[in-house]
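Dear colleague,

Please find below the structure I am handing over to you, followed by a summary of what was found in it.

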Amino acid sequence: MNLEKVVFGFFVLLAATLNFGFFLGDISDPALHNVYELFAALVVSLIATVLKFGDRTQIGAVHLATSLVADLQLVAATLTWAWAVHISSEGLTDVATASMVSLSGGALLANVVSVVLLVVETVSFQRH
Amino acid sequence: METAPPPPVTTRGRRGRRRAPVVPRAEGSATVFVVLRRMRAPLITLITIFAVSVLGLSLVPGVDAQGQPARLSLFDAFYVMSYTATTIGFGEIPYSFSYAQRMWVTGTIYLTVIGWAYAIGSLLSLVQDRAFRQALTLRHVSRKVTRLREPFLLVAGYGQAGETLGEALDALGRRFTVVDISETRIDTLEIAGHRADVPGVVGDARDPHVLGVAGLGHPYCEGVLALTGDDEANLAVAMAAALLRPELPLVTRTTSATVAERMARFGAPTIVNPFDRFGDHLRLALRTPASYQLMTWLESGPGAELTPRGTAPAPGRWVVCGYGRFGRHFAADLRAEGLEVTTVDPSPAEEPSVVGDAADPDVIGRADLATAVGLVAGTDNDTTNLSLVAEARRTNPGLFVAARQNQPADAALFAAMDVDALLVPTEVVAHDAYARLSTPLLWRFLRELPRQSDEWSAGVVDRLLDACGRHLEALWKVRLTPEDAPALHPRLSRGGFRLADLLRDPADRDQTLLAVPLLVLRGDEATMAPGTDLVLEPGDELLFAGRAAVHREVEATLFIDGVADYLATGQRVPSSWIWRRLSRSTPAPDAPAAT
């Protein structure tokens, strides 16, 4: 068993699951989407991105690309949240929540692709 | 599943002689990937520290301005941590912290400092890392080579021979790239004051990828020189060049006949054997000392000082010490001249006339230097050669002494010994390669030189001394073609333009330019040191020796309309349209008829 692979798989999967957990629930209900979960998703996604640095294979490049997409979406989601809570006079409204959650939904898609890549890599590795 | 075996690689070259792409190993953004991979751990540490700090700060209870219990939001916490971790420190925002928050911030300050120190330290150590720097240099060099947009030569091996040749080529304004296995030799490239930038690759020339980085696959590569001290490496370069770029001229160096034969199996390389060439030179020195002097001077390249002319020894018996590869070559050359040769070598297997170490006074006594006319100190040991020369000087001061210098460091010692002919294999290689590559006209001249008489050569040397002084000026070529001499070419086709006219000053035709015409090539026929009465014809190629200023004057004649007419007749032909119109009433006797 390779510890590096374990850590890599762990972070890729954790990024996806946290993202999923945050996304789950009525899209416009602020009570169902905990901002701490979004924070955790962003941090884990960043770590997963750094773990993917420096792999020069084709699949490694796609891995990195999906992670970068997820990061971008999650950063956008947190910015939406910060705008709504601190700058906007109306606070975290239904509309703001919906746009934040939908952004994280995009990140979720990228994370799913990442997980699919991980599975594909594992399966094709075992066949050889 | 059975598939057909791939075609054997060895037959590939013979079958199609396809031009295989030479792929340099330095790929794309390799250095970026190295940085990213090395920075993984520090970056993750930094992210983790930040995440923990921000999360903690947002959870620690505090009080707002009204004294109500309040917590920092995640955004506030991130803001505070960002300016705290980077030591900017705006203070406690948005309101004064509680003691619990201050304790947390104190801890995180130390944590983040560790994180930053780790990240920056890793980056710095990466920059100093040897492998990383090599990757950077390789990438840098490979980019420089790729961007070359003028013809260049690839020199494999930048030892003594490569360096001497490089200086001569640089003085001619030729570009070249260098491959050498030793990093210090590539470093000397940076220190050496070359006029043009010389890209140098550290690597084994036997590796085709290294040659690829140095520009073997480059469309502007115009020739390959294998000048390493290792026959095996030279052979490998010859093979790589012949298989990957069969159309390129190739000059290789070897002293072994076997290796030369193996090289010749791949295409038609020019093989320089320093022992062979030195033998030819010395035979020339014995027959015609002035020709030998002229040849060595011209071969040494621009800036070389004239060496004093030797005197040819009387025919008689020669003693050759060291009967190895060099000695054998040389003894055969002497015997071909009809001279008697006594050979000395410690190994009976070589079948010399005297068996024993040449450094031993008894042994050298048996060779009887007193009655000989010439000595060749040709062992592969410089100390032995030097003591042989000293011994020869003592027993027979009139002896013609030729010595072989093996180590570059001993140059001063041999110079102090003042031998009649000195063989430095690396110099012979460099000079020979220079003569072949600088201009085909020089090579032609040197090939024809042995057929000329001693007086003829002495005359050329005197004329060169008049034109250049004791240090040789650049050799330059003049081609009287429509492209290279647009102004002169139409004048030539009318005939009667002599070489003497070309060597007049365009400002004042009574002044003669100081340049020595060494060779005129007309079609395939070469005239050595042509007289100034020679009538030039279109298509002639001339080789001159003279100062750069003189070269510019001659170029003015080649390129500026009307100058040729003035030089030939003394009549100024107006060059502008208005003056031509005005002076049409009184046309010059030799005015251009064609447009």
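With which residue of chain B does A:Glu4 form a salt bridge, and how far apart are the closest N and O atoms? In this predicted model, the partner is B:Arg40, and the closest N and O atoms are 3.8 Å apart. The count of salt bridges between chain A and chain B is one. Polar contacts across the interface of chain A and chain B number four residue pairs, with both residues at pLDDT 80 or more.

On the side of chain A that touches chain B, α2 (35-51) and α3 (58-87) each contribute at least two residues. The most comes from α2(A), which supplies eight residues.

As to the extent of the interface, 16 residues of chain A contact 19 residues of chain B. Between the two chains, an area of about 1,700 Å² is buried, and carbon and sulfur atoms account for 77% of that area. Within chain A, the residues that lose the most area to chain B are A:Tyr36, A:Phe39 and A:Arg56, which together make up 33% of what that side buries.

Turning to the organisation of chain B, the domain assignment gives three entries: domain 1 (33-128), domain 2 (140-272) and domain 3 (473-585). Taken over C-alpha atoms, the centres of domain 2 of chain B and domain 3 of chain B are separated by 37 Å.

Yours sincerely

Key
Residues are numbered from 1 along each chain as its sequence is written. Chains are lettered from A and ligands numbered from 1 in the order in which they are written. This is a predicted model: local features need pLDDT of at least 70, side-chain atom pairs count only at pLDDT 80 or more; totals for chains, interfaces and linings use all residues. Side-chain values use heavy atoms; hydrogens and water are left out. Domain bounds come from an automatic or database domain assignment. Contact means heavy atoms within 4.5 Å. Buried area is the accessible area (1.4 Å probe) that two parts lose on being put together, summed over both. A salt bridge is a side-chain nitrogen of Lys or Arg within 4 Å of a carboxyl oxygen of Asp or Glu. A polar contact is a pair of N or O atoms within 3.5 Å; within protein, one must be able to donate a hydrogen and the other to accept it, and residues adjacent in sequence count only if both atoms are side-chain atoms. Helices (H or I, at least four residues) and strands (E, at least two) are DSSP runs, numbered from the N terminus.
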